[in-house]
Amino acid sequence: VVCVILYVLCIGAREFLEPKLMGKKLGIYPVILLLSIYAGVKLFGIAGIIKGPLGVILFKQLFVRIFR
């Protein structure tokens with residue numbers, strides 16, 4: 001029972017902290033990261049987990065380079 005409770009707590013903490021930490025590392029907001037993962041999965045399936053955030057990062061870099 002204790003192991004199940006700890007497992008659920010770890011999964012919950014991971015779900016909340018991972019987007020925030022990844023967002024800081026990549027330079028995008030956590031909400032945008034979550035939305036890009038969701039959109040990527042809807043558009044590309046399992047591969048969208050990588051393609052969604054990658055697309056957002058590419059568009060962000062293009063925007064920064066063009067309007068700088």
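Biologist: How far is the sulfur of Cys 3 from the closest cysteine sulfur?

Modeller: The closest cysteine sulfur to that of Cys 3 sits in Cys 10, yet it is too far for a bond. This is a predicted model, in which local features need pLDDT of at least 70 and side-chain atom pairs 80 or more, while totals for chains, interfaces and linings use all residues. Residues are numbered from 1 along each chain as its sequence is written, and side-chain values use heavy atoms, leaving out hydrogens and water. The distance from Cys 3 to Cys 10, sulfur to sulfur, is 10 Å.

Biologist: How many disulfides does the count come to?

Modeller: A disulfide is taken here as a pair of cysteine sulfur atoms within 2.5 Å. Because the closest cysteine sulfur to that of Cys 10 is the one in Cys 3, at 10 Å, the two are too far apart for a bond. The number of disulfides is therefore 0.

Biologist: Are Cys 3 and Cys 10 buried or exposed?

Modeller: Cys 3 has a relative accessible area of 65%, and Cys 10 has a relative accessibility of 53%. With the limit for exposed set at over 50% (buried is under 20%, partly exposed in between, with a 1.4 Å probe and protein chains only), both Cys 3 and Cys 10 count as exposed.

Biologist: Which helix gives the most to the lining of the largest pocket?

Modeller: With 6 residues, the one giving the most is H1.

Methods
Helix = DSSP H or I, 4+ residues; strand = E, 2+ residues; numbered from the N terminus.
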